[in-house]
Amino acid sequence: RGGGPTGTSRPIELHSHDPLRYVGDMLAWMHQSFVSERELLSALLATHQNGQENPVLSMLSHIAEGVSRPLKVRVEQVLASEHGAPVLYKIANLLLFYEQTIGLVGMSKILSELHALTIKIFFSSLTHYAAEITDKIELPATNLNPGAAVNRTMTLITDVLQSHDVSVTPMDQKQARLQKVLSSVLDPLIQACSLSAAELPAADMAVYMVNCIYVIQNTLALYESADRQLEMLKAQTDAHMDTVIHEQASYMLSKCGLARAHLAV
């Protein structure tokens, strides 16, 4: 709970419309409560241990069991609502952080399960988004600039990667998850760009693809962990540039009446 302007306690449910703050407030309140309970129990039991194992952790675990089910239900209710992938990823990072911070066996188990569930729903959201951009193909603009889907997807990736950078996930898992995130979105996006330009002349299609890939590269270049994708995109850009050069050279030779002579050479 948080104190209001008059010092009175305000229900956490007041922020239930904001899923990230709602979950964060619940977890922060629980962490603060466990710290207070630990201090109180330690003071009460300090003179009654008689050399025996400190029962504070055992008692805190029992307390955690009592609040873990309501927490689980509320977080699952939040996840059942439709939220964007960036919000889901931020919630997953919050759950993982408090799983490691609280450190009580019963509570850590619940938070671990909720984290796994959130990550599963997060990737399901990415899959659904990817399906949408490949189903609803946008025709290229006459100036061959990238379509709205490219800019929208780059905003999504930026939001996710910013959360990814501050995640407390172990580095090896972090890298593996990043690759999965990028492949879940980038591969369908490139496919959607190719499909949208399929009816264009070869040179125009190549220019359009270069423009789309350029926007993607500019976004990913901010993150060192995206080197693999940047190399792949560079190879695709080089291939499209070869097409542009070939098509333009063929056009100029044809205009100058040198096409047959060029073929003979």
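Q: Why is F97 called partly exposed?
A: This is a predicted model. The relative accessibility of F97 is 39%. Buried needs under 20% and exposed needs over 50%, so F97 counts as partly exposed.

Q: How do you know whether Y98 is buried or exposed?
A: Y98 has a relative accessible area of 12%. The cut-off for buried is under 20%, so Y98 is buried.

Q: What makes Y89 and F122 an aromatic pair, and which kind of pair is it?
A: The search of the whole structure finds three aromatic pairs. The ring centres of Y89 and F122 are 4.8 Å apart, and the limit for a pair is 6.5 Å. Their planes meet at 40°. Stacked needs under 30 degrees and edge-to-face over 60, so this pair is tilted.

Q: Which parts of the chain does the pair of Y89 and F122 tie together?
A: Y89 lies in helix α3 (residues 85–102) and F122 in helix α4 (residues 105–135), so the pair ties together parts that are 33 residues apart in sequence. Both Y89 and F122 are buried.

Q: Why is the pair of F97 and Y98 given its name?
A: The ring centres of F97 and Y98 are 5.1 Å apart, and the planes are at 85°. Planes over 60 degrees apart count as edge-to-face, so that is the label for this pair.

Q: Which residues do ring pairs link into a cluster, and what lies over the face of F123?
A: The cluster consists of Y89, F122 and F123. K180 lies over the face of F123, 4.3 Å from the ring centre. The distance limit for a charge over a ring is 6 Å.

Q: How do you know whether H115 is buried or exposed, and what does H115 touch?
A: H115 is in helix α4. Its relative accessibility is 10%, and buried means under 20%, so H115 counts as buried. Not counting residues up to four places away in sequence, H115 touches A92, L95, L96 and R177.

Q: What makes up the largest nonpolar core?
A: It has 59 residues, and those with the most contacts inside it are F122, I157, I216 and L220. Helices α1 (19–45), α2 (56–80), α3, α4, α5 (148–165), α6, α7 (202–220) and α8 (227–255) each supply at least two residues. The largest share, ten residues, comes from α4. In soluble globular proteins, nonpolar side chains tend to be buried together.

Q: What does I216 touch?
A: Not counting residues up to four places away in sequence, I216 touches V150, M154, L186, L189, I190 and L233. I216 is one of the buried residues of α7.

Q: How do you know that the length of α3 agrees with its number of residues?
A: At 1.5 Å a residue, the 18 residues of α3 should span 26 Å. The end C-alpha atoms of α3 are 26 Å apart, which agrees. After α3 comes G103, whose phi is positive, near 70°.

Q: Where in the protein is confidence lowest, and where is it highest?
A: The lowest mean, 47, belongs to strand β1 (residues 2–3), and the highest, 94, to α7. The mean pLDDT of the protein is 82, and 83% of its residues reach 70 or more.

Note on methods: Residues numbered from 1 in each chain as written. Predicted model: local features only at pLDDT ≥ 70, side-chain atom pairs only at ≥ 80, totals over all residues. Heavy atoms only, no water. Phe/Tyr/Trp six-rings, centres within 6.5 Å; stacked < 30°, edge-to-face > 60°. Helix = DSSP H or I, 4+ residues; strand = E, 2+ residues; numbered from the N terminus. Buried < 20%, exposed > 50% of the residue type's maximum accessible area, 1.4 Å probe, protein only. Lys NZ or Arg CZ within 6 Å of the ring centre and 35° of its normal. Core = buried A, V, L, I, M, F, W, Y, C linked by side-chain atoms within 4.5 Å. Contact = heavy atoms within 4.5 Å. pLDDT = per-residue confidence, 0-100. Expected span 1.5 Å × (residues − 1).
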